[in-house]
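Trainee: Could we go through this structure by question and answer, starting with the core?

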Amino acid sequence: MKPVCFQVEQLWKDQTDYGYWTSGGYDPERQYGQFRIAVSPYGRPLKEVERMREQNGKHVLHVVYPGCYILQATCKEAPVIEMEFFRIQEINQKAAKAVCERVLEEDMTQQQYDRMQPSMDLARMECITPYNQNNHYYWRGRNE
C-alpha cells in the first residue's frame with residue numbers, strides 16, 4: 001500500500017522531537033465530521049506539549065515517534081462513522097511529515113484492537129461534536 005503522510009512540526013530547535021496536532025470536529029452546515037488523534041503504540045495518550053481551542057481545528061499537540069498511531073474517525077453521513085488506523089513508520093524531517101502505513105482493522109489482533117478501544121471511542125465522539133473545541137483532559141485521566 002502507498003504510504004500516507006500527515007503534517008508534523010518540530011517541537012524544539014536543534015532537536016529531533018516532532019509533534020502532531022489532535023484536531024477536528026463536526027461541521028453541521030456541511031454535515032461532515034472528521035477527527036484525528038495520535039496515540040502510543042499501546043493506544044495510550046502521548047505527552048502533551050501545547051493546547052489550542054480552535055473550532056473543529058487544532059486541540060492538543062502531542063509528541064509522536066515511529067510506532068505511534070494516528071486514528072482518524074470520519075462521519076460523512078450520520079450515524080455512520082468510519083475509522084482508519086495509520087502507524088507512523090518514520091518522520092521525514094526535511095518535509096515535516098509523518099510517513100505512515102495504513103493498518104487494516106482485520107489485520108489487528110484482538111489485544112491490539114482492545115488497547116485502541118478508548119482512543120477509538122474518543123475519536124468517534126469528537127468527530128460528531130459540533131464546533132468542537134475540546135482539549136480532552138478527561139481522556140488522559142481515564143487512561144492512566
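Trainee: Which residues touch the most other members of the largest nonpolar core?

Mentor: Bear in mind that this is a predicted model. The largest nonpolar core has 18 residues. Those that touch the most other members are I37, L71, M83, F85, M116 and M120.

Trainee: Which element gives the largest share of this core?

Mentor: Two or more residues each come from strand 4 (32–39), strand 7, strand 8 and helix 1 (110–127). The largest share is 6 residues, and its source is helix 1.

Trainee: How many residues does the second, separate core have?

Mentor: Its members include F6, V64, F86 and C100. The size of this second core is 15 residues.

Trainee: How many bridges pair strand 7 with strand 8, and which residue stands opposite A73?

Mentor: Strand 7 covers residues 69–77 and strand 8 covers residues 80–92. They form a hairpin with 2 residues between them. The pairing is antiparallel over 7 bridges, and the residue in strand 8 opposite A73 is M83.

Trainee: Which residue takes a positive phi in the hairpin of strand 8 and strand 9?

Mentor: Strand 9 (residues 97–103) pairs with strand 8 in the antiparallel sense over 7 bridges. The hairpin has 4 residues between the strands. The residue with a positive phi, near 55°, is A96.

Trainee: Which salt-bridge partner does E101 have, and how far apart are the closest N and O atoms?

Mentor: R87 stands opposite E101 in strand 9. E101 is partly exposed at 30% relative accessibility, and R87 is partly exposed at 24%. The partner is R87, with the closest N and O atoms 2.8 Å apart.

Trainee: Which residue meets R102 in a salt bridge?

Mentor: The N to O distance in that salt bridge is 2.3 Å. The pair links strand 9, where R102 lies, to a residue of strand 8 that is 18 residues apart from R102. R102 is partly exposed, with a relative accessible area of 31%. Its partner is E84.

Trainee: How many salt bridges does the structure hold?

Mentor: One of them joins E48 and R51, with the closest N and O atoms 2.4 Å apart. E48 is partly exposed at 21% relative accessible area, and R51 is partly exposed at 29%. The total for the structure is 4.

Trainee: Is C127 buried or exposed?

Mentor: C127 lies in helix 1. Leaving aside neighbours within four places in sequence, its contacts include Y26, F35, A73 and I81. Buried means under 20% relative accessible area. At 0% relative accessibility, C127 is therefore buried.

Trainee: Where is S40, and is it buried or exposed?

Mentor: S40 is found in the loop between strand 4 and strand 5. Beyond its neighbours within four places in sequence, S40 is in contact with L46, Y65, C68, Y69 and M116. Its relative accessibility is 7%, so S40 counts as buried.

Trainee: What is the phi of N56, and what is the phi of Y131?

Mentor: Most residues other than glycine have a negative phi. N56 sits in the loop between strand 5 (48–51) and strand 6 (58–64), and Y131 in the loop between helix 1 and helix 2 (137–142). Neither is a glycine, yet each phi is positive. The phi of N56 is about 55°, and that of Y131 is about 50°.

Conventions:
Residues numbered from 1 in each chain as written. Predicted model: local features only at pLDDT ≥ 70, side-chain atom pairs only at ≥ 80, totals over all residues. Heavy atoms only, no water. Pairing = 2+ DSSP bridges. Core = buried A, V, L, I, M, F, W, Y, C linked by side-chain atoms within 4.5 Å. Buried < 20%, exposed > 50% of the residue type's maximum accessible area, 1.4 Å probe, protein only. Contact = heavy atoms within 4.5 Å. Salt bridge = Lys/Arg side-chain N within 4 Å of Asp/Glu carboxyl O.
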